[in-house]
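Please read it alongside the sequence and the three-dimensional view.

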Amino acid sequence: MTEHDTSAHDDHGHHGNLGLFTTIFIALCVLTALSFASFHAFHSTPKVSWLVMMAISCVKAMLVILFFMHLKWEANWKYVLTFPALLMSFFLLVMLIPDVGWRGDHISRERALHMAVPAVHGKAHGHDEAEQGHEGHGNTHPEEQHHDAHEESAH
Amino acid sequence: MSEEGHSHHLELEYHPGLPLPNGKLFMWLFLSTEIMFFAGLLGAYIVLRFGAPVWPAPHDVHLVEFWGAINTFFLICSSVTIVFALEMAKRGASAAAKGWLLLTLILGTIFLGIKAYEYSSKFSHGIYPSKPRSRMHERADVNYLSAVGERLQALQSEIEGSVGEGQELSETGRQRLQLVKRLQTGLVQWAASTAALNDDPVAKQQALDNVAYVIYRGHRSAADEKYMQEETAALAQQQAKLTKQKSQLTARPDAEGEDAAVAAEQAKAVTAQLALVNSRAEVLPELQEAHELGLNEQYPWLKLPMVIAGGNMWASTYFLTTGFHAIHVLVGLITFLILLMPHIQFGPHNAGVIENVGLYWHFVDLVWIFLFPLLYLF
């Protein structure tokens, strides 16, 4: 262990640079501002903005991992300890997006029946309104009776 | 072999495991489990967020992008200060290292403070991860309408019960009670009767949607605004029609026997309907006055149930992911506090401790780097 401690001190020189860390810090701030800007710049095309923001986040994450967490200067054990976990989380997310994330793009009638009311500007609006009418009949049953009573009295 | 090595004065040292200190190895193994832990949480968010038919816009749920961005900034700052603390410790400058540690602690505390402020602004608007505290409903249906009615009923008995026998209500109490009673008829009963009397399912739904709309303006709805604008004229028309009907029915002194009984019954129904229309007309200016904000914002004490489609799922994922992240921040802050104890002196011999704590802290920063765009900007 002591041997490695001293070797760590040997390469102190090329990563003990406070200027480098300050540069990384500024880069991170600029990238945060960029992802904030992309939210407004691509407001009408959210998917483009999502892609840009995730790309920026990945770049930020790499900067933090490589420089702040010193992985740039570590020995090869870094791959052993980080790759399995990273791969598993990457595949988890990548598999969830098409499988579950995109399932709403094509809504079956069955599903449309059971989903929440979309906002007026929400997607699948036309779909839902027809369904609501349907449900309205079932739900307002007690009032419907009242309605009949009223009609009788009016005629 | 060993003899040969000996003759060349070669001393080999046996190293078990990976070539890094045990503490650092532990921290990296721990972090790799943490990566998967947060990947699971983010995965749950993706399933629920993108699999949901509707998801509230940040504005609907009082999520302010600005605070998220500011918090990101503070966390990045704290990440760089802990790096400086490590560098100072490696150089043997204990006081400087502790100064940077203290700054990290302060920045992390600011992060948590802003987070707490954000949470409280959700709570104060009735946005909680679960019932019964959460006042969010998914859709404006009869269940929602009855929940609004129940809340108004509870408010009425609360205000009436706040004074003892023979005591007078205060001025605000009286005004509140009046408003509650006006809403009970002009908002809830009116919507129930409009929905029941209409054969058109779209009109039925419009009446219920309007209740949700006047209570909470999550999003601007052109249809609801038009409905509100045209309602004054429509109500006046109805009032005129019903008044005429009523006068026709009551002005039949010649009617006798069964005819008279039918006429009286009809007159009663028309009178009831007219009273309801009148109560709606009475409360309508108030509803239109709360136009920009919604009743819940205009009168915060009302705390009426509101419709935020997808809001419950949003709250569950938001509080779960940011909550676990906040717990991690808290753990980091506690370790900083421990390291700042006065008897600890930092130097090259124990810089590894700061390095390990720093690795953890950077990971917390990493998680936020992904959480911020996913939660605030997506």
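## Domains of chain B

The domain assignment divides chain B into domain 1, made of residues 20–131 + 311–377, and domain 2, made of residues 139–307. The model discussed here is predicted. Between the C-alpha centres of domain 1 of chain B and domain 2 of chain B there is a distance of 49 Å.

Two packed helices are described by the angle between their axes and the distance between the axes. The table sets out two such pairs.

| Helix pair | Axis distance | Crossing angle |
|---|---|---|
| H5 (residues 142–161) and H6 (residues 171–197) of chain B | within 10 Å | roughly 160° |
| H2 (residues 22–51) and H12 (residues 351–377) of chain B | within 10 Å | roughly 10° |

How do H5(B) and H6(B) run, roughly parallel or roughly antiparallel to each other? Their axes cross at roughly 160°, and angles over 145 degrees count as roughly antiparallel; H5(B) and H6(B) are therefore roughly antiparallel to each other. The crossing in which H5(B) passes H6(B) is left-handed. By class, the contact of H5(B) with H6(B) comprises 11 nonpolar, 4 polar and 3 charged residues. On the side of H5(B), the residues taking part are Leu145(B), Val148(B), Gly149(B), Leu152(B), Leu155(B), Gln156(B), Ile159(B) and Glu160(B). They meet residues of H6(B) that include Gly173(B), Arg176(B), Leu177(B), Val180(B) and Lys181(B).

The second pair is formed by H2(B) and H12(B), whose axes cross at roughly 10°. Angles under 35 degrees count as roughly parallel, and H2(B) and H12(B) are therefore roughly parallel to each other. The crossing of these helices, H2(B) and H12(B), is right-handed. To this contact H2(B) contributes Gly23(B), Lys24(B), Met27(B), Leu31(B), Glu34(B), Phe38(B), Leu42(B) and Tyr45(B). Among the residues contributed by H12(B) are Leu359(B), Tyr360(B), Phe363(B), Val367(B) and Phe370(B). Sorted by class, the contact of H2(B) with H12(B) has 11 nonpolar, 3 polar and 3 charged residues.

## Val270(B) and Leu242(B)

Val270(B) belongs to helix H9 (residues 257–289) of chain B, whereas Leu242(B) belongs to helix H8 (residues 222–250) of chain B. These two residues are 28 residues apart along the chain, and their C-alpha atoms are separated by 6.5 Å.

Is Val270(B) buried or exposed? Val270(B) counts as buried because it has 23 C-beta neighbours inside 10 Å. Leu242(B), with 19 other C-beta atoms within 10 Å, is partly exposed. The boundary explains the two labels, because a residue is buried if 20 or more other C-beta atoms lie within 10 Å of its own.

Leaving aside neighbours within four places in sequence, Val270(B) is in contact with Leu242(B), Gln245(B), Lys246(B) and Leu249(B). For Leu242(B) and Gln273(B), which are 31 residues apart along the chain, the C-alpha atoms are separated by 7.8 Å.

## Backbone features in loops

Most residues other than glycine have a negative phi, and most peptide bonds are trans.

Which form does the peptide bond from Lys131(B) to Pro132(B) take, cis or trans? This bond is cis, with omega near 5°. Pro132(B) is placed in the loop between helix H4 (94–123) and strand S1 (136–137) of chain B.

Lys303(B) is a residue other than glycine with a positive phi, near 45°. The loop that holds Lys303(B) lies between helix H10 (295–298) and strand S2 (306–307) of chain B. Lys303(B) counts as partly exposed, with 15 C-beta neighbours inside 10 Å.

In chain A, phi of His70(A) is also positive, with a value near 60°. His70(A) occupies the loop between helix H4 (46–68) and helix H5 (77–101) of chain A. Since 20 other C-beta atoms lie within 10 Å, His70(A) is buried.

## Chain A as a whole

Chain A contains 8 helices and 0 strands. Of its 155 residues, 20% are buried. Among the contacts in chain A with a separation of 6 or more, 34% are between residues 24 or more positions apart.

Note on methods:
Residues are numbered from 1 along each chain as its sequence is written. Chains are lettered from A and ligands numbered from 1 in the order in which they are written. This is a predicted model: local features need pLDDT of at least 70, side-chain atom pairs count only at pLDDT 80 or more; totals for chains, interfaces and linings use all residues. Domain bounds come from an automatic or database domain assignment. Axes are lines fitted to C-alpha atoms, for helices over the stretch in contact, and angles run from 0 to 180 degrees between N-to-C directions. Helices (H or I, at least four residues) and strands (E, at least two) are DSSP runs, numbered from the N terminus. Angles under 35 degrees count as roughly parallel, over 145 as roughly antiparallel, 65 to 115 as roughly perpendicular and the rest as oblique. A crossing is left-handed if the near helix is turned anticlockwise from the far one by less than a right angle, and right-handed if clockwise. Two residues are in contact if their C-beta atoms, placed from the backbone, lie within 7 Å. Ala, Val, Leu, Ile, Met, Phe, Trp, Tyr, Cys and Pro count as nonpolar, Asp, Glu, Lys and Arg as charged, and the others, Gly among them, as polar. A residue is buried if 20 or more other C-beta atoms lie within 10 Å of its own, exposed if 12 or fewer, and partly exposed in between; C-beta atoms are placed from the backbone.
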